[in-house]
Amino acid sequence: MAKVELKNLTKKYGDVVAVQNMDLTIPHNEFLVLVGPSGCGKSTTLRMIAGLEEISGGEIYIGDQKVNEKDPKDRNVSMVFQNYALYPHMTVEENLGFSLKIAKVNPDEIETKVKDAVSILGLEDLRKRKPSQLSGGQRQRVAMGRAIVRRPDAFLFDEPLSNLDAKLRTQMRTEIKKLHQKLKTTVIYVTHDQVEAMTLADRIIIMKDGFIEQIGSPIEVFNNPVNVFVATFIGSPPMNIIACEINKSNDQIMIQLDKDIHVHCPEDKISKLANLKKVIVGIRAEDIVPIKNISNEQNTLWTFSKEIDLAEPLGTETQLFFKLQNQEIISRMYNPRPVDVGENINFQIEKNKIHFFDYETQKAI
Amino acid sequence: MKQIKKIGFWFLVLFLLILICLPGIWIFISAFRPNPEILAKPANWIPDRWTLHQFTQMFSINGYVSVPAFKYLMNSIIISSVSTVIAITIGMMGGYAFARFNFKGKNKIFLSLMLARAVPGISLSLPLFILFAKLGIINTSFGVILVYVAMNVPFTIWLTDGFFRQIPKEMSEVARTDGCTRFQAFWNVELPLAGPGIGAAAIFAFLLSWNEYALASIITRTVHSKTLPIGMMDYLDEFTINWAGMCAIAVVMIIPALILTFIVQKHLVSGLTFGGVKG
């Protein structure tokens, strides 16, 4: 029952900086997800909070206590590992009760707490089994149960679902979410899977090379990515990114999407784009809408037609692939109809759905 | 055709097996028959008369003592056990440190430990003798134990390091977030998991001490500290060799070693190959 606070947290391995000056406050009961590509420092951050990794600079507070120098055992946090890390020589029951036994809780109390955890996670029939006799999903559940029985101040999850198959992963994701709602504890969750991040998080932190790129609610980071990296990292398929030249002709600012495709710069961006030569345009696949006839609404829409390279029917939608500036672009066609390769299709994009990024700094404009 | 090949193969295996075991079998047979029969030509494979004479003499069952084998046996047991317990305790801690911690010069220290093993023990015999004589610990169990501990520690470190490495480090990490100190995590989680391996290492160290001859033959002088392998030489007189007695004492030596080897053979192979490929 506590908030977690990181102040200026830094981790260096020799000259290599893994985490750089991280400032973060995680309020009580928040589900925070750290997401980013491998080596971005997300796991290191988690391990520093747990006390398994020494910190090179800065401060960590759990509750109101500074825990920099404290051993993991004194921090009252529970960690769930990617490979479960169940004690192989103990039964499910013993695994769950181990932390209480170490804390010298009396056996009756251990029994009730273990019973609680077992019923929360639906492990009643497996109490006497050894970890080797459990399936992946069951092991994961025991690992979570072991974290639950302690009633820690914060749960730390280190990619807990990446060893499970796709179906089980979705199922366990839901369970983790439910568990959080039931237990009302601070959760810090590390993953490289942006779908997990989007579905679980109250707040997402996107990290890259030891820096926080963006913090926000899932919808915020999805709708308003601060830079190209976040834009392409969050969302599936990734946002289409096109580097375009800006042309000024007859007092109009035109953006060159492709060799023969010039579109008007949206009104509200004119002041910002007027002085630039190039700009990065980002459009989500679902915002590139295939249409029958090109509309004349040039004020609010970008429209063009393009030859299709590939069409992938997925049932509920068909993904259309084509090229702009030699970049592969994906469009999502809801209400799909059969599409032939080489077919010319008309597309429209609503101007207010378009993201602009500075060509040099890659930051959102 | 396939059948014949298979049978041929097994006959070859059997032949090699007998060839390898022959000296052992000969020792066993010879321990239970009178000396003259051992020297008979042509060799008499099945003894005409089986006898426990050598054993009863050795252990002075009928009041007559040929060689004080019981004393030697006790010396062997005490020296091997104590040196094993000490070596495995140190080795376990050392192995854990090498497997889990990073410290300055780690690889060099590990390498030098292994190099210490590469020195032929007998080459140290003279300096060891002089040193021990000056310290006044020649012909004491303590001296022999000291030598065996020094001999076994690098070995037990090497083996236990491999076994600890096999255990994912998350085991101790999760135990530590579960409220354990580093030592509690070691004691409650890592040690039980490495247990079979450490047991194997201990037995291996025990066997090395149990069978050691060269250094013991220099340090031990009298019945006070002689171990079984050295005691065996008591059957060597100026003009005669009591082959039957030697074989009998050899049997006494072999049996515990054989039992222990059977217990650990599985771990022995995994432990040795494991340490071997670790690099």
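**Ground rules.** I am working with a predicted model, where local features need pLDDT of at least 70, side-chain atom pairs count only at pLDDT 80 or more, and totals for chains, interfaces and linings use all residues. Residues are numbered from 1 along each chain as its sequence is written, while chains are lettered from A and ligands numbered from 1 in the order in which they are written.

**Entry 1: domains of chain B.** I looked up the domain assignment, and for chain B it gives domain 1 (2–58) and domain 2 (69–278); such bounds come from an automatic or database assignment. Over C-alpha atoms, the centres of domain 1 and domain 2 of chain B are 31 Å apart. To their contact, domain 1 of chain B brings 11 residues and domain 2 of chain B brings 10. I count two residues as in contact if their C-beta atoms, placed from the backbone, lie within 7 Å.

Which elements give two or more residues to the domain 1 side? They are helix H1 (2–31), helix H2 (35–38) and helix H3 (53–58) of chain B. Helices (H or I, at least four residues) and strands (E, at least two) are DSSP runs, numbered from the N terminus. H1(B) has the largest share of that side, with four residues. By class, the domain 1 side holds seven nonpolar, three polar and one charged residues. For the classes, Ala, Val, Leu, Ile, Met, Phe, Trp, Tyr, Cys and Pro are nonpolar, Asp, Glu, Lys and Arg are charged, and the others, Gly among them, are polar.

**Entry 2: a helix pair in chain B.** Next I checked helix H4 (residues 69–100) and helix H7 (residues 141–166) of chain B: their axes come within 6 Å and cross at roughly 35 degrees. Axes are lines fitted to C-alpha atoms, for helices over the stretch in contact, and angles run from 0 to 180 degrees between N-to-C directions. The contact of H4(B) with H7(B) has 18 nonpolar, nine polar and three charged residues.

**Entry 3: a sheet in chain A.** I then found an open sheet of five strands in chain A, ordered E13-E12-E11-E14-E21 with antiparallel pairing; strands pair if DSSP finds at least two bridges between them. At the edges are strand E13 (261–264) and strand E21 (355–358) of chain A. Four bridges join strand E14 (residues 278–283) of chain A to E21(A). Gly282(A) has His355(A) as its bridge partner in E21(A).

**Entry 4: chain A against chain B.** Last, I noted that this contact takes 18 residues from chain A and 15 from chain B.
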